[in-house]
Each structure stands twice: as C-alpha cells, then as structure tokens.
Amino acid sequence: MSIEQAIEAVSQISGATVRTSEMMSRHTPLRIGGATDLWIHVDDLTALKSVLSQIRKLKLPWRLHWPFEDWLVQEEGLDGATIRPGVGFEWCKHDEGHVRLGPACPWAALAGLGEGWW
C-alpha cells in the first residue's frame, strides 16, 4: 500500500476531499501536532463508507477525527489517514418530544429549533 494509491482512490470519490501532510495543529485545541499523511474530509455517510472501503482495501491505518474531539498529537504527526466528517453529520432534528443531534452537530444548531423544544 502506498499513500499515492490512497490519494488516487479517494480522489475519485464524490463527497470526499483529500489533502496530504495536513498539520494537525490546525485541528487540535492546543494548536500543536505534526502532519497526518492524509487528511480526508467526507461530506456525508455515503462518502465515509466509500472512503473506508478504499482505505481498508489498501490496508492503510486510519482514524476518525470528530469536530469536537480533544486530541493531543505529537510533533511527529500521524501515520495513515485522518478522516473528518463534514456537514452531512451536522444535522439537528426535533420530533416526538426528542431532540436528535448528528455526530458532528455544533451546539449552536440547537438555536435553530426555536423556543419550546426543551
């Protein structure tokens, strides 16, 4: 497996964007951390499934980086792929007395439900 093969495979997937040598310091609360080999942004669940299928075929190590996760990353960075869920995971719904939040939903989205949802 090579990083080049992964770039080629993931670049063909609709809803996925891939960057190489992305500094993790841009994505950690303390703004420290070296580069990940591949930074893959996926728009929705379909893109995530396709990306994971390709990454697994290539036997590339991978991890999910949820938007509100607190990570500490060494200056040496991360091997393999770091996958970041995008806007397709930021949903917020109110139905039948329940509020359902997508796994990457910002708390500010609750304001969009209006008054009385609680």
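## Salt bridges, sheet and loop: worked exercises

E22 is buried, with a relative accessible area of 4%; buried means under 20%, exposed over 50%, and partly exposed in between (1.4 Å probe, protein chains only). The model is predicted, so local features need pLDDT of at least 70 and side-chain atom pairs count only at pLDDT 80 or more, while totals for chains, interfaces and linings use all residues. Residues are numbered from 1 along each chain as its sequence is written, and side-chain values use heavy atoms, with hydrogens and water left out.

**Exercise 1. Find the salt bridges and say which residues are linked in a network.**

Step 1: Start with the rule. A salt bridge is a side-chain nitrogen of Lys or Arg within 4 Å of a carboxyl oxygen of Asp or Glu. Side chains of opposite charge can pair when their charged atoms come close.

Step 2: Apply it. The count is three salt bridges:
- R19 with E22, at 3.0 Å from N to O
- E22 with R26, at 3.3 Å from N to O
- D95 with R100, the closest N and O atoms being 3.5 Å apart

Step 3: Around the buried E22, R19 is partly exposed at 37% and R26 is exposed at 53%. In the other pair, D95 is partly exposed at 32%, as is R100 at 41%.

**Exercise 2. Work out the strand order of the sheet, and which strands stand at its edges.**

Step 1: Helices (H or I, at least four residues) and strands (E, at least two) are DSSP runs, numbered from the N terminus. Two strands pair if DSSP finds at least two bridges between them.

Step 2: Read the order. The four strands make an open sheet, β1-β2-β4-β3, with mixed pairing. β1 and β3 (62-64) are the edge strands; each has a single partner strand, so one side of each lacks a neighbour in the sheet. From one strand to the next, the twist averages 25 degrees.

Step 3: Zoom in on one pair. β1 and β2 run antiparallel and are joined by seven bridges; T17 has H41 in β2 as its bridge partner.

Step 4: Place the helix. α2 (residues 45-57) packs on the sheet and touches β1, β2, β3 and β4 (78-85), with its direction at about 145 degrees to that of β2. Here contact means heavy atoms within 4.5 Å, and the angles run from 0 to 180 degrees between N-to-C directions, with axes fitted to C-alpha atoms (for helices, over the stretch in contact).

**Exercise 3. Describe the loop between β1 and β2 through S25, R31 and I32.**

Step 1: Take S25, which lies in this loop. S25 is buried at 18%, and apart from neighbours within four places in sequence, S25 contacts R31, I32 and G33.

Step 2: R31 is exposed at 54% and has a positive phi of about 55 degrees without being a glycine. Most residues other than glycine have a negative phi, and most peptide bonds are trans.

Step 3: Finish with I32, partly exposed at 34%. With L30 and L72, I32 forms a nonpolar surface patch of about 320 Å² accessible area together. Patches use residues with over 30% relative accessible area and no salt bridge, joining like charges within 9 Å and nonpolar side chains (Val, Leu, Ile, Met, Phe, Trp, Tyr) within 5 Å; accessible areas come from the Shrake-Rupley method with a 1.4 Å probe, and for residues only the protein chains shown count as cover.
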